[in-house]
Amino acid sequence: MVATQVYQVDPYQPDPAAITAAAQALAAGRLVAFPTETVYGLGANALDPAAVARIFAAKQRPFTDPLIVHLAAAAQITQVATALPPEVAALAARFWPGPLTLVLRRGPHVAPNVSAGRESVAVRVPAHPVAHALLLACGLPIAAPSANLFSRPSPTTARHVLDDLAGRVDLVLDGGATTIGLESTVVDLTQTPPVLLRPGGVGVAALRTLLPDLRAPSTPVVVTDTEAASSPGTLLKHYAPRTPMILLHGAAGDDDQLVHMLVRTLYTRGLRVGLLLPDEEIAHYADLRADLVSLGPAQDMAAIGRFLFARLREADSLGVDVILARPVAEQAAEGGIGLAIRDRLFRAAEGCAIDAADPAALEIVLRVVRRRRIERG
Ligand code: TXA
Ligand code: MG
């Protein structure tokens, strides 16, 4: 356990004294959590294998899951990566600083545990003024995964960081809530054609203007074995609340009565239900004995993305037995950040989905709750 120091900083003009203290901590091999435009990161000097090892220990993250290296500017890329493919310059010019991570060939100075022993390295230049000031002040490439315990929802506020990592991180820069709310898009440029490993803050449509042959699955990629996952963000159980969560398909409106019946029956079976729904649907269920958590306006993907992880944590803290969540419609998700929202909801539910109209829906919910109870002892 360490005494975690917290510095409040203005997100646009962070106090130089706080930035200096955080930069010195990083240079000394300590862990610093800081806001980026996507989610909070848990940073350590990427050139120092002992510092990097502390990240894995603090997060309880398997050593097989590689980390993203953060830079102050694209010009530093040659310090961490080699044999850059020609697309990098245009991608960097267009999307950096910003929520895009590129997987490249690893340079010799990067601590091998950053990449979990792979020959590749993931790199990004964050846009958040606090992250930028910190990277500039320390002058080091900083390895930083999301600052949450492994497989928990990513943190979008300093409070989330402390809920998971108080006593495990040396210093936290609290720059308020992050604006995008979902992690960066990860693209692997070591493969030909390039492959989308994780949908995120930069949409596929925008990427294809520069990478026309980008391979991007439209449904989430599921890998069940950490060792085999080319990018362990593709593990099925990721970003998951502790409470069992199930995606609830079926059109709003038509299925109101079916959802009502399902929730009532669960209630009479002694199960408390949390419903995670778009704003427009909340009113339909106000009379139910269920805890309602809003996902945001159904068509506003940016707003849903910004608060998704906070809502998952909120739903998890209600003490309900099961969370039923509305997925985001495929059409609404096309091209942009909606794909990332669909991906995170799918993984939070560990891939489990039901249709309210399915006669077996009740049985499935009961079975999932029972199975998770056994898994959790
Ligand atoms: O927005 C973000 O990317 C945030 C902020 C803090 O920058 N970071 C983040 O890191 O989400 P993390 O560690 O939670 O997710 C990193 C993702 C994982 O899915 C990991 O498997 C993948 O990037 N990744 C990292 N290095 C890789 C590599 N060499 N090859 C393939 N995938 C890699
Ligand atoms: Mg993460």
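**Helix packing and buried residues**

H1 passes H4 in a right-handed crossing. The contact is built from Ile19, Ala22, Ala23 and Leu26 on the H1 side. On the H4 side, Val130, Ala133, Leu134, Ala137 and Cys138 take part. By class, this contact has nine nonpolar residues, no polar ones and no charged ones. The model is predicted.

Two packed helices are described by the angle between their axes and the distance between the axes. Here, H1 covers residues 16–27 and H4 covers residues 129–138. Their axes come within 9 Å and cross at roughly 55 degrees. The two helices are therefore oblique to each other.

Cys138 leads on to the cysteines. Cys138 has a relative accessibility of 15%, and because buried means under 20%, Cys138 counts as buried. Cys352 is buried too, with a relative accessible area of 14%. What of disulfides? A disulfide is a covalent bond between the sulfur atoms of two cysteines. A search of the whole structure finds zero disulfides.

Now turn to helix H5, residues 158–165. H5 is mostly covered, with six of its eight residues buried. These are Ala158, His160, Val161, Leu162, Asp164 and Leu165. What do they pack against? The partners include four strands: S1 (5–8), S2 (32–35), S3 (40–45) and S9 (171–174). Helices H2 (49–59) and H9 are also partners. Just after H5, Gly167 takes a positive phi of about 85 degrees.

Leu165 lies in H5. At 0% relative accessibility, Leu165 counts as buried. Leave aside its neighbours within four places in sequence, and Leu165 is in contact with Thr4, Leu42, Ala58, Lys59, Ala147, Asn148 and Leu149. Thr179 is 14 residues from Leu165 in sequence. In space, the two are 21 Å apart, C-alpha to C-alpha.

H9 brings in Arg313. This arginine sits in helix H9, residues 301–316. Is Arg313 buried or exposed? At 9% relative accessibility, Arg313 counts as buried. Not counting residues up to four places away in sequence, Arg313 touches Asn148, Arg152, Pro153, Ser154, Pro155, His160, Asp163 and Asp164. Among these, His160 and Asp164 are buried residues of H5. Asn148 is a contact of Arg313, and Asn148 is also a contact of Leu165.

Terms used
Residues numbered from 1 in each chain as written. Chains lettered and ligands numbered in written order. Predicted model: local features only at pLDDT ≥ 70, side-chain atom pairs only at ≥ 80, totals over all residues. Heavy atoms only, no water. Axes fitted to C-alpha atoms, helices over the stretch in contact; angles between N-to-C directions. Parallel < 35°, antiparallel > 145°, perpendicular 65-115°, else oblique. Left-handed = near helix turned anticlockwise from the far one by under 90°. Contact = heavy atoms within 4.5 Å. Nonpolar A, V, L, I, M, F, W, Y, C, P; charged D, E, K, R; others polar. Disulfide = S-S within 2.5 Å. Buried < 20%, exposed > 50% of the residue type's maximum accessible area, 1.4 Å probe, protein only.
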